[in-house]
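User: I would like to learn how to read the features of a model like this one. Please take me through them in turn.

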Amino acid sequence: MVIKVFLASSSGSTAIKKKQQDVVGFLEALKVDYTQLDIACNEDNRMWMRQNVPEDRKPTNGIPLPPQIFNEESYCGDYDTFFDAKEDNSVYSFLGLPPPPGSKEAEKADKADIVENGTHAEETNTVGNLDDLIEVPVEERNGNTHREEEKLQQVADEEEEAQDGEEEEITEEETADKEETAEDETPMEEEEAVEEADEVTEYIAHAEEEEGQEEEDLQSEEEEELRQLEEEEEAEVQEDEEEDLEETQEEEAE
């Protein structure tokens, strides 16, 4: 029996590459003989894989993605079912292979067989006559086991209820802490908003003050320039009058 693992060597999906590496690495760790079949470079492999995956195991779009695992012609499963089998220590059963002696899966199978079929030793009377075997009613044989299961179930229910109660308490405490934190943060946020508003107001007032001072300085400069122009004009007029007066005096003297 040959295990076939259908892979895509040139897949652009990081998730698919990781799943393929996980399957191959685990099979190599178990020293299971397998064959890799590339569906990216071989159209026949791609078509065979798609045709032999059962319809009820295909995704909703009808196109199964690698890795897909087969035992000869028999479909084993995809990565998800392989992962579940690995977590349950039942990979050999998943692959349709007998577990090697001494493995966890072999020990698990032996225990399951004992639980299913009972112990193999048979009690007989001193004569060894099988007809004289003492039969114990099934109800009596299973009574203690049933009561123990009920007790275990009751303990599990109580632990679950206690855990739910603790989770509810933790949730309530977290909610209260969040509300308290929100209440503490609200005044701080309001103070910060007030401080920001004050800073903005101060900045605007300072800007207006500087703007007003600049306007005053500009107005003073304009007034000074006008005054100087007026003084220059007056000086020119006076100078012209003096020149005219001198000319008149010279004419009279002649």
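Analyst: Leaving aside neighbours within four places in sequence, F82 is in contact with V23, F26, L27, I69, V91 and F94. Bear in mind that this is a predicted model.

User: Where is F82 found, and is F82 buried or exposed?

Analyst: F82 is found in helix 3. Its relative accessibility is 0%, so F82 counts as buried, the cut-off being under 20%.

User: How far is F82 from L95, C-alpha to C-alpha?

Analyst: The C-alpha atoms of F82 and L95 are separated by 8.7 Å, and the two residues are 13 apart along the chain.

User: Let me step back to the whole chain. How many helices and strands does the protein chain have, and how do the elements run?

Analyst: There are 6 helices and 4 strands in the protein chain. Read from the N terminus, the elements run β-α-β-α-β-β-α-α-α-α.

User: What do the totals for burial, contacts and surface say?

Analyst: The protein chain has 254 residues, and buried residues make up 17% of them. For contacts between residues at least 6 apart in sequence, 54% join residues at least 24 apart. The accessible surface comes to about 20400 Å², and 47% of that surface belongs to carbon and sulfur atoms.

User: How is a pair of packed helices described?

Analyst: Two packed helices are described by the angle between their axes and by the distance between those axes. Here, take helix 1 (residues 14-29) and helix 3 (residues 79-87): their axes come within 11 Å and cross at roughly 40°. That angle makes helix 1 oblique to helix 3. The crossing of the two helices is left-handed.

User: Which residues meet where helix 1 and helix 3 are in contact, and how do they divide by type?

Analyst: From helix 1, the residues are K19, D22, V23, F26 and L27; from helix 3, they are Y79, F82 and K86. The residues of this contact divide into 5 nonpolar, no polar and 3 charged.

User: What should I expect of phi and of peptide bonds in general?

Analyst: Most residues other than glycine have a negative phi, and most peptide bonds are trans. The model has cases that depart from this.

User: Which residues does a cis peptide bond join?

Analyst: A cis peptide bond joins P66 and P67, with omega at about 0°. P67 lies in the loop between helix 2 (43-52) and strand 3 (68-71).

User: What is the phi of E72, and where is E72 placed?

Analyst: E72 has a positive phi of about 55° although it is not a glycine. Its place is in the loop between strand 3 and strand 4 (74-78). With a relative accessible area of 32%, E72 is partly exposed.

User: What is the phi of N89, and in which loop is N89 found?

Analyst: N89, likewise a residue other than glycine, has a positive phi near 55°. N89 is found in the loop between helix 3 and helix 4 (91-95). At 38% relative accessibility, N89 counts as partly exposed.

User: Helix 2 has come up as a boundary of a loop. Is M49 buried or exposed, and what is M49 in contact with?

Analyst: The place of M49 is in helix 2. M49 is buried, with a relative accessible area of 0%. Apart from neighbours within four places in sequence, M49 is in contact with F6, I39, P64, Q68 and F70. M49 and P64 are 15 residues apart in sequence, and their C-alpha atoms are 8.2 Å apart in space.

User: How should I read R50: is R50 buried or partly exposed, and what does R50 touch?

Analyst: R50 is found in helix 2. R50 has a relative accessible area of 29% and is partly exposed. Not counting residues up to four places away in sequence, R50 touches K58, I63 and P64. P64 is also in the contact list of M49. From R50 to G62 there are 12 residues in sequence and 8.7 Å in space, C-alpha to C-alpha.

Key. Residues numbered from 1 in each chain as written. Predicted model: local features only at pLDDT ≥ 70, side-chain atom pairs only at ≥ 80, totals over all residues. Heavy atoms only, no water. Buried < 20%, exposed > 50% of the residue type's maximum accessible area, 1.4 Å probe, protein only. Contact = heavy atoms within 4.5 Å. Areas by Shrake-Rupley, 256 points an atom, 1.4 Å probe, with all protein chains shown as cover. Axes fitted to C-alpha atoms, helices over the stretch in contact; angles between N-to-C directions. Parallel < 35°, antiparallel > 145°, perpendicular 65-115°, else oblique. Left-handed = near helix turned anticlockwise from the far one by under 90°. Nonpolar A, V, L, I, M, F, W, Y, C, P; charged D, E, K, R; others polar.
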